[in-house]
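I opened my notebook for a structure that is new to me. These are my entries, in the order I looked things up.

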Amino acid sequence: MLNVEILGGVGEYGRNCFFIEKNGHAILLDCGVMNNRQKTLPNLTQAHVAKLDAVFISHSHTDHVGALPLLERWGYIGPIIMSKMTAQQLKQSCHHTRTFQPESIGEWTVVSNCLAFQWGYSGHLIGSVWYKIRFFEEVIFYSGDYVVDSYLLKATLPIEDGTVYDVAIIDSGHIEKHIKNIEVLQRMTEYIHANPNCPIIFPSSFSGKTADIATYLFQHTTRAIRVDHDLLSLFENYYEAPGNLLSNRTMLQQFKLECLTKITESENTIYFVPERNEAKLVELLHKKPTSIVIFTGYWNKGKYKSPFSKNQYKEFFYKTHPDYHDIIALSSKIQAHKTIYFHSSLTNRDTTFLQLLKNEEEIL
């Protein structure tokens, strides 16, 4: 039987890290820190690290990779498995990285006599993946961060082959919400059309959401779009991983030509600026005082020192994790003996699928 230790990420939002042990061998699923000022570490110890055969990384966000330096510090020399794109996005150098190629999607990759894995796209970020892991005779599903309905990115699941999963670890990041991303994009577009003379500013992160919104507005408005220099590498990644994308390649080439190659600006430009760089946002608001700031997630006006007037901002929540109905669908599809829901303060280690079904009205 598997011994699963939750080292972070359950009952909280961040520091995702799961230790799974059997027969004296162990694997680690992600190795993140909390997205707070202290960068709180997972409850990982040297004793955990000493048992590891392999580490699986779902994507490059800090709450999934921020504690990787601990592994090297404590002498880990085994493989750290991730997609080629995720390895490219890492901010810190990571020894012992083992990447897999796009051509291996859905195929078993053998790590050792007791360990093999499949992977597929999870739709959260370019390069983000889920894992199906065979560990001795048991099978584990790890969703990573998952978005069912990205505008640009594929989201797949393992082929139904009769596998009985012993443990599933499933993203429950937006369990309190019911959102259809395409409808959010449509409402956002209508709002922008209704304010033709106002520049629009999107405080944005290095995420699939940012690329989804920018490219959708490129297709559905006639406005100039300007992407801050700090976000350009995100968009460049989309041209390097066509297999990760839905069928929007022609539009992406036009987007690159119009929005990334040229520096185009007009009186009502749509700007994408780093959400954590308040100085850039304030500078832009000073230059464009009639601008409207649009917040699209948990990062909102309350995160900034500068106050926003009532007419200076608007909120449209865009999904970057599964919502309640997505989680129910994912859980039903995987049907594991034991499911652990992570990435939300509204779920904990005791949350079960049946509880989620019974408590729909309380959750939403």
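Over the face of which residue does Lys256 lie? I found Lys256 over Tyr239, at 4.7 Å from the ring centre. My rule for a charge over a ring: NZ of Lys or CZ of Arg is within 6 Å of the ring centre and within 35 degrees of the ring normal. I also noted Lys177, whose charged end sits over the ring of Phe317, 4.2 Å from its centre.

Ground rules next. The model is predicted, so local features need pLDDT of at least 70, side-chain atom pairs count only at pLDDT 80 or more, and totals for chains, interfaces and linings use all residues. Residues are numbered from 1 along each chain as its sequence is written, and side-chain values use heavy atoms, with hydrogens and water left out.

Then I turned to aromatic pairs. I use rings of Phe, Tyr and Trp (its six-membered ring) with centres within 6.5 Å; planes under 30 degrees apart are stacked, over 60 edge-to-face, the rest tilted. The count comes to 26 aromatic pairs. I looked up Tyr142 and Phe342: this pair is tilted, with 5.7 Å centre to centre and 35 degrees between the planes. Tyr142 belongs to strand 10 and Phe342 to strand 17, so the pair ties together parts 200 residues apart in sequence. Helices (H or I, at least four residues) and strands (E, at least two) are DSSP runs, numbered from the N terminus. Both Tyr142 and Phe342 are buried. Buried means under 20% relative accessible area, exposed over 50%, partly exposed in between (1.4 Å probe, protein chains only).

Tyr151 is in the loop between strand 10 and strand 11, and Tyr216 is in helix 6, 65 residues apart. Tyr151 is buried at 17% relative accessible area; Tyr216 is buried at 5%. I also traced a cluster linked by ring pairs: Phe56, Phe100, Phe117, Trp119, Tyr121 and Tyr131.

Last, helix 10, residues 324–334. I listed its buried residues, among them Tyr324, Ile327 and Leu330. Strand 10, strand 17 and helix 11 are included in what covers them; contact means heavy atoms within 4.5 Å. At the helix start, a side-chain oxygen of Asp323 comes to within 3.2 Å of the backbone nitrogen of His325. Just after helix 10, Gln335 has a positive phi of about 50 degrees.

How values were computed. A polar contact is a pair of N or O atoms within 3.5 Å; within protein, one must be able to donate a hydrogen and the other to accept it, and residues adjacent in sequence count only if both atoms are side-chain atoms.
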